Amino acid sequence: MASLVTKLTLPLETIIPTPVYYLNSVSVRFRYLNGQKTDQIAGYVYTVTNTETFDQIHVLVEQDKPLITPESLNELQQEGKKVFVGFDNAVIKPYYSERTKSLEDSIKADAVRRVTDK
């Protein structure tokens with residue numbers, strides 16, 4: 001029987017009230033079919049750090065192209081430049097992980113955008 005908590009979905013802003021994030025990395029997320037990885041891209045995972053709380057989170061945005069490629073982000077970081085982002089309609093949903101045997105967070109957003117006024 002599934003826990004009632006795992007059916008809960010909350011806006012991310014209720015947990016992290018200042019929605020500006022430092023972009024650490026971008027990675028591709030592939031689709032899985034019957035437990036097997038496919039070549040289809042499901043979206044991109046943005047690993048970010050909140051600029052107020054310093055919480056680091058991973059946010060999945062289901063899109064065909066990333067906001068910035070991992071290579072371009074790496075180049076900017078090597079130059080000492082920082083990229084800040086925000087997410088549209090980000091939601092957090094807990095789920096039970098068989099791997100860790102505990103509740104984990106799944107965070108998805110409709111879109112990611114660059115924030116320039118940080």
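Predicted model: local features only at pLDDT ≥ 70, side-chain atom pairs only at ≥ 80, totals over all residues.
User: Which elements make up the protein chain, and in what order do they run?

Analyst: Helices (H or I, at least four residues) and strands (E, at least two) are DSSP runs, numbered from the N terminus. The protein chain has one helix and eight strands. Starting at the N terminus, their order is β-β-β-β-α-β-β-β-β.

User: How are the strands arranged in the sheet?

Analyst: Two strands count as paired if DSSP finds at least two bridges between them. The eight strands form an open sheet with mixed pairing. β1 (10–11) and β8 (111–115) each have a single partner strand, so one side of each has no neighbour in the sheet. Read across, the order is β1-β6-β7-β4-β3-β2-β5-β8.

User: How many bridges join β2 and β3?

Analyst: These two strands form a hairpin with two residues between them, and N34 in the turn has a positive phi of about 55 degrees. One place to look is S25, which stands opposite T47 in β3. The pairing of β2 and β3 is antiparallel, and the number of bridges is eleven.

User: Which residue of β4 is the bridge partner of T47?

Analyst: Strand β4 (residues 56–61) runs antiparallel to β3, and six bridges join them. This is a hairpin with five residues between the strands, and F54 in the turn has a positive phi of about 65 degrees. The bridge partner of T47 in β4 is H58.

User: And in β7, which residue pairs with Y96?

Analyst: Strand β6 (residues 91–97) and strand β7 (residues 102–109) pair in the antiparallel sense. Seven bridges hold this pairing. The bridge partner of Y96 in β7 is L103.

User: How many aromatic pairs does the structure hold?

Analyst: Rings of Phe, Tyr and Trp (its six-membered ring) pair if their centres lie within 6.5 Å; planes under 30 degrees apart count as stacked, over 60 as edge-to-face and the rest as tilted. Ring pairs link Y21, Y46 and F87 into a cluster. The number of aromatic pairs in the structure is three.

User: What is the geometry of the pair formed by Y22 and F84, and how many residues apart in sequence are the parts that this pair ties together?

Analyst: Y22 and F84 are edge-to-face, 6.1 Å centre to centre with 70 degrees between the planes. Y22 lies in strand β2 (residues 21–33) and F84 in strand β5 (residues 84–88), so the pair ties together parts of the chain whose separation in sequence is 62 residues.

User: Is Y22 buried or partly exposed?

Analyst: Buried means under 20% relative accessible area, exposed over 50%, and partly exposed in between (1.4 Å probe, protein chains only). Y22 has 23% relative accessibility, so Y22 counts as partly exposed.

User: Where does V20 sit, and what separates V20 from T49?

Analyst: V20 is found in the loop between β1 and β2. V20 is buried, with a relative accessible area of 18%. V20 and T49 are 29 residues apart along the chain, and their C-alpha atoms are separated by 8.5 Å.

User: Which residues does S106 touch?

Analyst: S106 is in strand β7, and at 28% relative accessibility S106 counts as partly exposed. S106 and V59 are 47 residues apart in sequence and 7.7 Å apart in space, C-alpha to C-alpha. Contact means heavy atoms within 4.5 Å. Not counting residues up to four places away in sequence, S106 touches V91, I92, K93 and Y95.

User: Finally, what share of the residues count as buried?

Analyst: The C-alpha atoms of the protein chain fill a box of roughly 50 × 35 × 25 Å, taken along the principal axes. The protein chain has 118 residues, and the share that count as buried is 32%.

Terms used
Residues numbered from 1 in each chain as written. Heavy atoms only, no water.
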